[in-house]
Each structure stands twice: as structure tokens, then as C-alpha cells.
Amino acid sequence: MKYKTYHVVTFGCQMNERDSETLAGFMEELGYSYEPDKIVAQVVILNTCSVRENADKKFFGVLGQLKHSHEENREKLVIVCGCMMQQQHIIDTLKQKYPWVDLVFGTHNIGDFPKLFKNVSEMHERIIDVWENSDTIAEGLPAKRMYDFKAYVNIMQGCNNFCAYCIVPYTRGRERSRKPAEILKEINCLAQSGCKEITLLGQNVNSYKGEEGGIENFAQLLREIDKIDGIERIRFMTSHPKDLSDELIDCFKDLKHLCHCFHLPVQSGSNAVLKAMNRHYDREQYLGRVAKLKEVCPDIAITTDIIVGFPGETEEDFKDTLDLVKQVRYDSAFTFLYSIREGTPAASWTNQIPEEIKHERFNRLIEVIHEIQEEEMKQFQDKIIPVLIEGTSKTDKSMLTGRTESLKTVDLPGDTSLVGKIVPVKIVKAQTFSLYGELVND
Ligand code: SAH
Ligand code: SF4
Ligand code: F3S
């Protein structure tokens, strides 16, 4: 008997996680059930990311693991999709070295999945169907959501910014915004089914374009979402500093449910590097936006992304980054070694930074970030804060784990009946990366 099971492996960002929920939704509609082991599953979908070389490597690693089970079970279907598939050199490699992959599609035709799946299941012949671009966003697709109490909601697709290092504009195409009515309908539906927290997703939510005469921009969209009954926490990512308006900053003063945290990728603290990166702001403008955010919302937790070792980065440039980090005092920061992405402008530049210098700077940066993080975390000691309980702790199954408004992890003893609830927790131990607490009975 042929068991109808599927497994989805997701690489990359929240956008991909959200897309994987759609793929899982399609599979469930087709009558397949989820199988936790990718080797055992009848259908395996790999949803790929290409943002750094490591992501590419991870994908080929997993694909290698699947080869054997595919050979043993000819009925097994291996499907690959996502950002890597939007690049010709990857398609060429797949054709040459992985001819046993059954179906390849890209980021623009995820809505066609049922049709592609039907064709490949019936024909038993490889299908490669990747579109270069699209100017619409498919609506009304199914989703098997990962959680009941929190959800990702896409508000736009693509990116028009073409930062010199970044592959995303090539893999996700031009920027398109979803219609406000579609977004609000989706969030209303989520709220009615008990969802408490939503994270709005887009490569640059600050340039969201709604409808003339209605909800026109991102700040206005937030104001509408804030009115939806049942949604207690609103988050969003990512914001490009060049498009961060006063109108959006004011939302932190006015809106009841907007979490007091802001992910504002700076990438570098050096004006020369920012210019070469094509970021369209300088450090003074960035620091100005941060100052305004802190003025309007003094308890705001600011987080960031930083790239170390961008082509041409000098020791002085790097020191500017360290200095900016000390000024902003980030709550946390995602730090990346610059990674050459074929097809992006910076990939062909000759002023690449040697690996050992990149690593040395990376370590110095992390040290500064952690020092600040440790000090910031201490402030939580003995405070009572609301925590959304998300499940049991990964490291200790007898403990619950949850998130604060600023996305910090808190472990605490308690009953699993609290999962999905926002409860007051007293912090009894504050460490650099995590907090330990006790439930406060009110
Ligand atoms: N749209 C978002 C983030 C996109 S990718 C934004 O603009 O902020 C997430 C992060 O990956 C980026 O912020 C950047 O710090 C990092 N990144 C992107 N391309 C990279 C590369 N080639 N090498 C190293 N880090 C990279
Ligand atoms: Fe990449 Fe820049 Fe677009 Fe972000 S804004 S996705 S870093 S090109
Ligand atoms: Fe990766 Fe594509 Fe997201 S390249 S970071 S999965 S948009």
C-alpha cells in the first residue's frame, strides 16, 4: 500500500516559512498527511534560500541525503522550489548532477503547485518550471499554519532596492503589495480562530503601497490592524531605514497592540560602505531615525542585521560599525560574514576582504554586541512582564517557554494548558541570551 505522506524542509527567512505553510496546505488538500522524517515521507519538498553561500550548501547537503532513499523507493517524489531555483546556475547544476529530482519550480509560481504536482505524479517525468518574474500575488491559497496562536502574514512580495550584496531582488522579483482588504480579511480570520500574535512580512514593509483614497501606506495599514479584536501583538519585518517615516514612528505612540520592538537593519556603520552597498542612507540619518524612535517610545527594543567584510571595508570602516553599535545599544543583532552571491554587483568587485580579516572583525563585533546584550538583559531581573507561552522548552521538556514583547525567550515552570496564552511572569534569572521566570498569579 502506498502511504500518502509528505515532508517540507524549509531554509531561509520567514517568507519561506510562510510559503512552506502554503505548500503544506496544498499537500493536505491533496489528501497527504505530514510525516516528520524526510527519508520516510513519500513526497519531500525542499523550499530553498540563497541569501548566503551557507544556505546553498545546506540545500545540497540535504539533497544528497535524499538520493539514497529516492533510489530505494522509485515512487518517492523529490520536489525543490524557492529562491535558489530562480538562478540559472543552480538549475544547470540540478540538471547535470541531480537528474533524479522530480519537480523544480520557483518563487513566482507557488500558486500553480497542485497542477505541477498532478503532472509530475502522473507523468513520472521531471518537470522544471521557473518563471522569471510576476506582477501579481496569488490570493486564496491554502495554508497549514505552524501555530494556532501566532502567524506570519505576508503583506508584500519582492524587493526593488538592489543592495549591492543581495540576491533577494533577483530571486523574489519586483516589489508587489497585497491589497489591504485581502490582508485584513486574512488577519480577521486568524483572530477569529484564536490567533493572538501576527508578524507582517515583507522585504521592505516601509514601502508598502495600498490603495489610493483608502489605506495607502504601511502606517495606515497598521492602524487598521490594531483595531482587529483578538490580535494582542503586532510585529513586522523588515524595515529599510531609508523609508522609515515619521508616520510609522508615531504608530509606536498611538497603537495599543504594536510590540515595542523594531528590527532596523543597518548593515554597516561606515558611510563609505553604506554608499558602496547602495543603501541610500548614511549613519547620521540612521542614528537620527533611532533617536526619534527612542524619543517616541523610550522602551523600544531595537535589533539589526550587520554584514562584516563587505568588499572594500577598511579597519576604519569597521570601527565605525563598532562605534554605531555602541551608540544604538542594540537589543540583539544578527551578524553575517559577507558572502559572494553570483549575479549581484558586489560579487564581481576586486576589493574582496580576505577570510581571516572577515573572521577577526566578526569576532570583535560579536564581543561588543554580547557585552551590550548582557547589560540590557540584566534590566529584566525581578521585573514582571507579559509572556506569550509558545510550548515546552527545547532543552528541558518539564519547562514552558515563551516570548516577551521584544522577542526574548523566557523559560518557566508551568502547565501546558497555558500554551497560547499571554501571562504575567516575574523574571528570576536574566542571562545574556535567555530569561528564567515564574508565573505570577493575579
Ligand atoms: N530585506 C531585508 C533582509 C533581507 S536578507 C532587509 O533589507 O533588511 C537578511 C539579511 O541578510 C540582510 O539584512 C543582510 O544583513 C544579510 N545578507 C544579505 N545578503 C548577504 C550577503 N551576500 N552576505 C552576507 N549577508 C547578507
Ligand atoms: Fe536585499 Fe536590500 Fe532588498 Fe533587503 S532591501 S532584500 S538587503 S536588496
Ligand atoms: Fe533566503 Fe529568499 Fe528569504 S534568499 S532570506 S529565502 S527571500
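# Close-up views of a predicted model and its ligands

**View 1. The residues around ligand 1.** Ligand 1 has 15 residues around it, and those that come nearest are Arg52, Gln203, Gln267, Asp305 and Ser339; a residue counts as near if one of its heavy atoms lies within 4 Å of the molecule. This is a predicted model, where local features need pLDDT of at least 70, side-chain atom pairs count only at pLDDT 80 or more, and totals for chains, interfaces and linings use all residues. Residues are numbered from 1 along each chain as its sequence is written, chains are lettered from A and ligands numbered from 1 in the order in which they are written, and side-chain values use heavy atoms, with hydrogens and water left out.

View 2. The side chain of Asp305 has an N or O atom 2.6 Å from an oxygen of ligand 1, and the side chain of Gln267 has one 2.7 Å from an oxygen of the ligand. How much of ligand 1 does the protein bury? On its own the ligand exposes 540 Å², and the protein buries 90% of that; the areas come from the Shrake-Rupley method with a 1.4 Å probe, and for residues only the protein chains shown count as cover.

**View 3. What the shell of ligand 1 is made of.** Strands β13 (301–308) and β14 (332–337) each supply at least two shell residues. Helices (H or I, at least four residues) and strands (E, at least two) are DSSP runs, numbered from the N terminus. Sorted by class, the shell has 7 nonpolar, 4 polar and 4 charged residues. In this sorting Ala, Val, Leu, Ile, Met, Phe, Trp, Tyr, Cys and Pro are nonpolar, Asp, Glu, Lys and Arg are charged, and the others, Gly among them, are polar.

View 4. Around ligand 2 sit Cys159, Asn161, Phe162, Cys163, Tyr165, Cys166, Val168, Pro169, Gln203, His240 and Arg279, which sort into 7 nonpolar, 3 polar and 1 charged.

**View 5. Helix α12 and what covers it.** Helix α12 (residues 355–378) has 24 residues and should span 34 Å at 1.5 Å a residue, and its end C-alpha atoms are 35 Å apart, which agrees; the expected span is 1.5 Å times one less than the number of residues. Which residues of α12 are buried? They are Lys358, Arg361, Phe362, Leu365, Val368, Ile369, Ile372, Gln373, Glu376 and Met377. Buried means under 20% relative accessible area, exposed over 50%, and partly exposed in between (1.4 Å probe, protein chains only). An α-helix has 3.6 residues a turn, so residues three or four places apart point the same way. The cover over the buried residues of α12 includes β13, α11 (315–328), β14, β18 (422–430) and β19 (435–439). Glu375 also lies in α12, but counts as partly exposed because its relative accessibility is 40%.

**View 6. The loop between α11 and β14.** Arg329 is found in this loop, and has a positive phi of about 55° although it is not a glycine. At a relative accessible area of 32%, Arg329 is partly exposed. Asp331 is found in the loop between α11 and β14 too, but counts as buried at 13% relative accessibility. Leaving out neighbours within four places in sequence, Asp331 is in contact (heavy atoms within 4.5 Å) with Ala301, Ile302, Thr303, Gln373, Ser406 and Lys408.

View 7. Met237 and Thr238 are joined by a cis peptide bond, with omega about 5°. Thr238 sits in the loop between β11 (233–237) and α8 (246–254). Asp382 is not a glycine, yet has a positive phi of about 70°; its place is in the loop between α12 and β15 (384–392).

**View 8. Phe26 in helix α1.** Phe26 belongs to α1 (residues 14–29) and is buried, with a relative accessible area of 4%. Not counting residues up to four places away in sequence, Phe26 touches Ile110, Gly111, Phe113, Pro114, Leu141 and Pro142. Phe26 and Pro114 are 88 residues apart in sequence, with their C-alpha atoms 6.8 Å apart in space.

Terms used. Polar contact = N/O pair within 3.5 Å; in protein donor to acceptor, adjacent residues only side chain to side chain.
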